[in-house]
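Welcome, and thanks for taking a look with us. Let's walk through the chain as a whole and a few of its residues.

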Amino acid sequence: LKGTVSVKNDRTGKVSSYPIPEMKYTVAAPFATVSPTKMNVFYIGVDNPVEISAAGASANDLKVSMTAGTISGSGGKYSVRVTQQGTTNVNVNAKGKAFPPFPFRVKMIPDPQAEVGGKPGGRMPAAQFKAQNGVIAALKNFDFDARFQVISYQLFYQPKMADPAIIPNNGPTFGGAAQQAVSKAKPGDVYYFEEIRVQGPDGSNRKIPGIAFKID
């Protein structure tokens, strides 16, 4: 914008004009930011999406950084990657103005739940149990695309009226010995999957709770 300010002298009646130099400004739509301070969390091993804005500045004027991790993106939309538990600060600068740091906690992805045939244990018909291929690690009620891989487990097979057997298994799929034990499933048998170890997108190797099935 540009213009002129005119001022009248009350004593002489003379009008003096003063030009306003051309100025540029940015029009921003009204907005509000809601920050749940007890839920500001970044998770290790996944892309954490972040939207950043500053009043009076366009998205292209923002300069962002963080103290522990990496942040990438532009135009107000960013992605954060973190590798170590603890805390980190996101720093925002717009048109030379530095805003107070925005603190975030850094946490590991929650443990997944072991399942066979989509069930975390319980009763299962013999025919259905025999049709299963292995153990999976399912991450429940987590909004990020994070997958865990089953590394190993022990199958404790307790046939009805017979001696039990302990069978180690590597990987999620039933190996030869484990598959043979599963193929013998009959009503009254019990199968325990124990010492289950999984690896997540954060690279951590974890032990998760075991599960048990009673065959109908």
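Is Asp-189 buried or exposed? Asp-189 is buried, with a relative accessible area of 0%; here buried means under 20%, exposed over 50% and partly exposed in between, with a 1.4 Å probe and protein chains only.

## Before we start

This is a predicted model, in which local features need pLDDT of at least 70 and side-chain atom pairs count only at pLDDT 80 or more, while totals for chains, interfaces and linings use all residues. Residues are numbered from 1 along each chain as its sequence is written, and side-chain values use heavy atoms, with hydrogens and water left out.

## Around Asp-189

Asp-189 sits in the loop between helix H2 (176–183) and strand S16 (190–199). Helices (H or I, at least four residues) and strands (E, at least two) are DSSP runs numbered from the N terminus.

Leaving aside residues up to four places away in sequence, the contacts of Asp-189 include Tyr-157, Pro-159, Lys-184 and Phe-213. A contact means heavy atoms within 4.5 Å.

## The whole chain

The protein chain has 2 helices and 18 strands. Its radius of gyration is 31 Å, well over the 17 Å that the globule rule gives for 216 residues, so the chain is more spread out than a compact globule. That radius is taken over C-alpha atoms, and the rule is 2.2 Å times the number of residues to the power 0.38. Along the principal axes, the C-alpha atoms fill a box of roughly 120 × 30 × 25 Å.

Buried residues make up 33% of the 216 residues. Of the contacts with a separation of 6 or more, 57% join residues 24 or more positions apart.

## Asp-47 and its arginine partner

You will find Asp-47 in the loop between strand S3 (41–43) and strand S4 (48–51). Asp-47 is partly exposed, at 45% relative accessible area. Its side chain makes a polar contact with the side chain of Arg-81 (3.1 Å). A polar contact is a pair of N or O atoms within 3.5 Å; within protein, one must be able to donate a hydrogen and the other to accept it, and residues adjacent in sequence count only if both atoms are side-chain atoms.

## Asn-93 in its strand

Asn-93 belongs to strand S8 (residues 86–94) and is partly exposed, with a relative accessible area of 24%. A polar atom of the Asn-93 side chain lies 3.3 Å from the backbone nitrogen of Gly-96. Although Asn-93 and Val-64 are 29 residues apart in sequence, their C-alpha atoms are 6.3 Å apart in space.
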